[in-house]
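Please look at the chain below before reading on.

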Amino acid sequence: MIFQRAVRREFTHLAAGVFTALFAIMMTTQLIRLLGDAAQGRVEPDAVVALLGFSSLNYLPVLLSLSSFVAILLALSRSYRDSEMVVWFSSGLSLMAWIRPVLVFVMPLVLTISVLSLFLSPWALSQSAEFRDKLSSRHDAGQISSGIFQESSAGERVVFVEGIADDTSNVFNVFVNELRPERLGVTMAASGYQEVAANGDRFIILENGRRYEFPPGSAEFRIMEYARYAVRVETKEARGIAPTPRTMPTMALLPIDLPVYRAELLYRFSVPFSAVVLALLAIPLSFVNPRAGRSANMLLAIFVYLIYNNLVTISQGWVASGKVSFAVGMLAVHLFMLCLLPLMFYRRIAVSSFARLSR
């Protein structure tokens, strides 16, 4: 019991260190990307922190799974390098005896990964999409800055405002360029303001201006002068957010028997299951030959991890395209990796037994 507590403590410390490093790298990468979007006007600066939080929840299951795998690998590799495994084998204990402490350590993490993968990650993705949608709609609805050309999210309208009143309700010297399939329209006005209709539709009201219309492929154009011109802003709140398999709750995906939705379910269930398999694979993969390089087993472990992840991705793609069923796609990859476990354990146990007999 003392030994198992010491082993779990070492697993926990290593997993915490690996997770902290991976989480810092992920957060830095996402922060750079979001700051770039904010600099280009695609994301409001005030929304960077919220979007960063949603993104971190989405990546947590994969980071926890990888952290547990690397932590077990590092701990057992250290035992080989420090000759603790020699004492372990000399005491009559097999490599299989490591399975229990590894499972005791990893099962709470697997439970956490399951909750994150099945419930919190889809919620974070849906909240991020809704948050971006609200910001984009607010941007389209007339959150205009003076002296800046601002393009709508659909790309069909460009608005330029020279001046804005102190209460932000009125704008002055407005230029609107609208690109339609049937015509190109340029509208200019000395002043304008925003107006919300009774049904919730928003309009930009331009006053005392002129509009030019150019049919494509023609030299003719039309000039109209107006005292009041309303430009309807079709906000995304009116259209609603189209749900996608990634943003839908798991309970909503279960009754939908379509390939794309089944593929998303396969990925969500594969993340916690692969965490258990990777933790068990780390036991035989941690073998270190003191006479060989110390990084050989780490390279092999990374190679196995990449193969496992790629197989899950390929299986998800096959299920999404309808090539294989959900059951086949779910079982084939994980059963294949589970079948490798006895072979890898036998190889390590046979080598250890042969080494003891030769001595």
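Phenylalanine 19 and phenylalanine 23 are four residues apart in helix α1 (residues 2-39), so about one helical turn separates them. Helices here are DSSP runs of H or I with at least four residues, and strands are runs of E with at least two, numbered from the N terminus.

This is a predicted model, in which local features need pLDDT of at least 70, side-chain atom pairs count only at pLDDT 80 or more, and totals for chains, interfaces and linings use all residues. Residues are numbered from 1 along each chain as its sequence is written, and side-chain values use heavy atoms, leaving out hydrogens and water.

The structure holds seven aromatic pairs. Rings of Phe, Tyr and Trp (its six-membered ring) pair if their centres lie within 6.5 Å; planes under 30 degrees apart count as stacked, over 60 as edge-to-face and the rest as tilted. Phenylalanine 19 and phenylalanine 23 are stacked because their ring centres are 5.5 Å apart and their planes are at 25°. Phenylalanine 19 is partly exposed at 22% relative accessibility, and phenylalanine 23 is partly exposed at 24%. Tyrosine 226 and tyrosine 229 form a tilted pair, with centres 5.2 Å apart and planes at 40°.

Is tyrosine 226 buried or exposed? Tyrosine 226 counts as buried, at 13% relative accessibility. Buried means under 20% relative accessible area, exposed over 50%, and partly exposed in between (1.4 Å probe, protein chains only). Tyrosine 229, at 22%, is partly exposed.

Serine 128 lies in helix α4 and is buried at 15%. Beyond its neighbours within four places in sequence, serine 128 is in contact (heavy atoms within 4.5 Å) with Leu51 and Phe54.
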